[in-house]
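Below are my notes on the model, as numbered points. Please read them with the structure open.

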Amino acid sequence: MGEDIIVKTIFYEFRVYGVVQGVGFRPFIYKLAKDNNLNGNVRNEGGYVRIIVNDKDFDKKIQKNPPPLSDIERIEKYDTKEVHNSFVILESKDLHESFKMPSDIFMCEDCLRELNDPTDRRFGYYFVTCTNCGPRFSMIKDSPYDRENTSMDEFRMCKECEIEYTDPNNRRYHAQTTACKNCGPRLKFVNDNKNLVINEDKAIAYTIEKLKQEKLVSVKGVGGFHIVCKIKGVKRLREFTGRSEKPFALMAKNIEQIKKYCQVSKKEEELLKSKERPIVLLEKKNKLLDDVSELSTLGFMLPYTALHYLLLDKFDEPLIFTSNNLPDEPIEADFGLTHYILDHDRKILNKVDDSIIKVIDEKPLFLRRARGYTPTIIDVDGPDQICLGAEMNSSFVIVKDKKAYVSQYLGNTANEFAFDNYRFELHKWLAWLRPDIKKVMCDEHPNYNTSKYAKELASRFEVPLVKVQHHTSHLNSIRIKQGFDKFIGISFDGTGYGDEKTIYGGEIFFYDGKYKRIGSVERQKLIGGDSGTKTPRKILFGILRKFMKLDEIKKLDMFDDAEIKLIDQQIKSGFNLFDTTSVGRMLDAATALIGRCNNGNTYDGRCAMLLESRAKNNPLKLNPLIEEKRGLLKLSTTHLFKFLIDNLDKDKQVLASTVLHYIADGFIEIIEKINKDNLPVVFSGGVSYNKIIAKKFFDKGYITNHVLPCGDCNISFGQIQLN
Ligand SMILES: [Zn+2]
Ligand SMILES: [Zn+2]
């Protein structure tokens with residue numbers, strides 16, 4: 001006993017790293033210390049939680065049952081000369097040496113119970129949150145995460161809230177977003193002239209009334225506004241947004257409601273119910289919502305705020321929840337676009353879109369990584385730097401103190417508003433992180449806004465500008481995480497700058513410290529540059545022209561005389577003509593041939609996704625034709641199209657399936673020809689989302705991105721220079 005007392009007078013310092021701020025960590029430590037009769041203190045530092053305590057095994061106690069939202073990376077232990085005779089929580093120190101910002105998450109079960117409990121003082125309050133839940137990143141001004149550094153600083157806590165906030169035994173102890181009806185943010189229903197129509201509780205009832213009348217209502221959420229409407233309002237929504245074909249996401253009040261329309265696997269259900277609450281793309285099981293999505297999938301999410309629950313509660317079917325922005329523009333966080341707007345007075349400081357995940361072979365693939373997951377922080381071994389990414393599906397990365405901070409999805413930077421928002425975010429993150437920049441990285445494409453801006457930044461910071469090839473960046477995004485020093489990589493997508501005249505997009509590389517291109521799909525003509533990308537028929541024409549006479553093409557009844565003459569002229573003159581090895585473009589052309597691709601790529605990846613949606617039955621037997629040209633193994637796509645022409649009378653679903661199997665089998669055959677040493681094989685780029693191709697690759701043990709998206713959003717991370 002006496003010995004125990006002596007031991008307990010020796011204090012230790014513990015530093016806990018990981019996701020440990022804004023997740024109820026300090027009250028947890030406080031309670032743990034109190035329960036064990038220990039003395040000392042706990043405080044948030046810039047990048048960790050620092051604990052002084054008279055127990056040398058305190059780290060083991062922490063690890064036993066940490067708060068649900070925390071994610072402990074490591075705990076360091078140091079000696080200290082400090083001595084204390086009670087245990088207290090100290091205020092945060094304003095340190096910029098590191099940056100930890102928690103992500104926006106759902107509303108927890110405890111809060112949901114309060115929301116629905118008529119005896120609770122937060123009954124029906126649309127902004128219920130606690131230490132374990134609620135928005136975070138979207139309302140942060142600066143690190144560390146404390147109330148005065150968030151947009152909640154405008155709301156002075158009432159007496160009751162303050163008592164909860166300062167009681168270490170309360171679930172809302174230091175819950176920075178805590179509020180109640182008396183002191184927190186308020187709802188207001190306004191019209192598009194910003195005139196107040198109706199306030200608070202009545203605003204919800206009014207919103208429900210308008211939705212039931214099939215009106216479109218803009219609803220302010222966590223990272224921006226949504227446009228919400230009933231399923232029956234979809235036609236009106238298409239007219240209003242100008243998205244005549246693009247699928248819309250839906251929100252359902254529970255998983256049972258989703259299962260009426262879609263198949264939900266174990267992994268998909270887990271993701272839908274996860275605290276990040278992403279949109280999950282699910283396979284339809286009936287045609288009930290074909291007006292909402294022309295694809296074989298529907299994007300569903302579950303409610304993630306109290307307001308969502310209050311709205312959904314009054315409907316027995318899902319509601320359409322689509323982001324409130326014009327095509328290609330960033331999500332709007334300051335105002336709703338529709339005539340009816342459900343607004344509130346808590347500012348959104350950082351715009352974040354809903355995240356989108358597709359599950360293939362029970363593995364998650366991010367189409368968009370944003371709300372719930374931002375900021376993404378990954379350990380990397382490189383100097384401080386900025387990586388600006390590509391153009392579509394943009395993101396940036398700032399490396400600081402051997403950590404890569406990956407921004408949220410920032411849309412298509414070819415759009416000036418999206419690019420403005422991109423720059424705005426970049427500068428904000430630079431101010432938060434204050435890196436000691438040694439390099440600036442960008443794509444090789446000279447005309448991307450991000451590439452031009454990288455040049456400007458490099459000269460401003462007086463550091464070297466490094467241009468990284470698009471498709472090797474895709475592969476780097478996996479290599480850097482996996483640490484491979486030798487591997488084979490497939491990089492395939494729609495577009496990426498290759499060399500002067502070729503647009504890459506179906507490449508195989510060997511890596512052993514340097515990249516060597518060893519395989520590719522056959523070159524085809526991309527007629528008319530960008531307009532050719534939007535109209536796959538032109539690419540199809542170019543492929544068919546390789547082996548068909550003009551009158552044979554005419555007999556297909558797909559092109560009229562004038563068109564045939566025009567495109568053929570274009571090919572002959574070489575005007576605005578590029579070569580492309582892009583798999584995305586080949587899938588487009590196949591969709592154009594097999595049918596059902598009217599209007600072309602009216603949204604990103606549309607034709608390829610239609611092909612995937614169609615590919616249901618077993619493929620026809622077609623062995624890949626691999627040809628060796630100038631040291632490169634090439635998968636012949638002309639061979640595929642000849643076969644399709646010969647079999648055009650066959651079932652279209654079978655043909656669609658044949659195309660995807662041919663591409664996958666072709667890549668696999670090339671890999672097996674060259675991979676004598678059984679090196680790891682990775683694949684990345686937008687085509688990775690294709691479920692047939694990805695499944696075949698997974699069956700072979702190939703690896704893709706599961707934290708970062710597979711598409712161009714991973715380019716910024718893949719540009720990181722490790723030395
Ligand atoms: Zn909660
Ligand atoms: Zn209050």
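Are cysteine 158 and cysteine 180 buried or exposed?

1. Cysteine 158 is buried, and cysteine 180 is buried too; buried stands for under 20% relative accessible area, exposed for over 50% and partly exposed for what lies in between, with a 1.4 Å probe and protein chains only. This is a predicted model, in which local features need pLDDT of at least 70, side-chain atom pairs count only at pLDDT 80 or more, and totals for chains, interfaces and linings use all residues. Residues are numbered from 1 along each chain as its sequence is written, chains are lettered from A and ligands numbered from 1 in the order in which they are written, and side-chain values use heavy atoms, with hydrogens and water left out.

2. Donors are N, O and S atoms within 2.8 Å of the metal (3.2 Å for Na, K and Ca); water is not among the atoms, so sites may look incomplete. The ideal angle for four tetrahedral donors is 109.5 degrees. Cysteine 158, in the loop between α4 and α5, and cysteine 180, in the loop between α5 and β6, are 22 residues apart, and the pair links distant parts of the chain. Helices (H or I, at least four residues) and strands (E, at least two) are DSSP runs, numbered from the N terminus.

3. The zinc ion (ligand 1) has Cys108, Cys111, Cys130 and Cys133 as protein donors, each through SG, at 2.2 to 2.4 Å. Angles of 103 to 116° between the 4 donor atoms make the arrangement around the zinc ion (ligand 1) tetrahedral. The spacing of these donors is C-x2-C-x18-C-x2-C. Cysteine 108 sits in the loop between β5 (87-89) and α4 (109-115), and cysteine 130 in the loop between α4 and α5 (159-166). Cysteine 108 and cysteine 130 are both buried.

4. The domain assignment divides the protein chain into domain 1 (2-89), domain 2 (187-368), domain 3 (376-468) and domain 4 (487-708); such bounds come from an automatic or database domain assignment. The centres of domain 1 and domain 3, taken over C-alpha atoms, are 37 Å apart.

5. An open sheet of 11 strands has the order β7-β6-β14-β8-β9-β13-β10-β12-β11-β15-β16, with mixed pairing; two strands pair if DSSP finds at least two bridges between them. Its edge strands are β7 (196-199) and β16 (363-368), each pairing on one side only. Neighbouring strands of this sheet are turned by 35° against each other on average, direction ignored. Axes are lines fitted to C-alpha atoms, for helices over the stretch in contact, and angles run from 0 to 180 degrees between N-to-C directions.

6. Strand β15 (residues 356-360) pairs with β16 in the antiparallel sense over 5 bridges, and isoleucine 360 stands opposite lysine 363 in β16. Helix α22 (residues 691-699) packs on the sheet and touches β11 (279-283), β15 and β16, its direction making about 55° with that of β15; contact means heavy atoms within 4.5 Å.

7. Another open sheet holds 6 strands in the order β17-β20-β19-β18-β21-β22, again with mixed pairing. Its edges are β17 (376-379) and β22 (465-468); each has a single partner strand, so one side of each is left without a neighbour in the sheet. Strands β17 and β20 (residues 403-406) run antiparallel and are joined by 4 bridges, with isoleucine 378 opposite alanine 404 in β20. Helix α11 (residues 416-433) lies across β18 (385-387), β19 (397-400) and β20, at about 10° to β19.

8. Some backbone geometry deserves a check. Most residues other than glycine have a negative phi, and most peptide bonds are trans. The peptide bond from threonine 374 to proline 375 is cis, with omega near 0°; proline 375 is in the loop between β16 and β17. Aspartate 401, in the loop between β19 and β20, has a positive phi of about 50°, and counts as partly exposed because its relative accessibility is 48%. Aspartate 557 has a positive phi of about 65° and lies in the loop between α16 (550-555) and α17 (561-573). At 70% relative accessibility, aspartate 557 counts as exposed.

Conventions
Four donors count as tetrahedral if all angles lie between 85 and 135 degrees; four count as square planar and six as octahedral if opposite donors are over 155 degrees apart and all others between 65 and 115; anything else is irregular.
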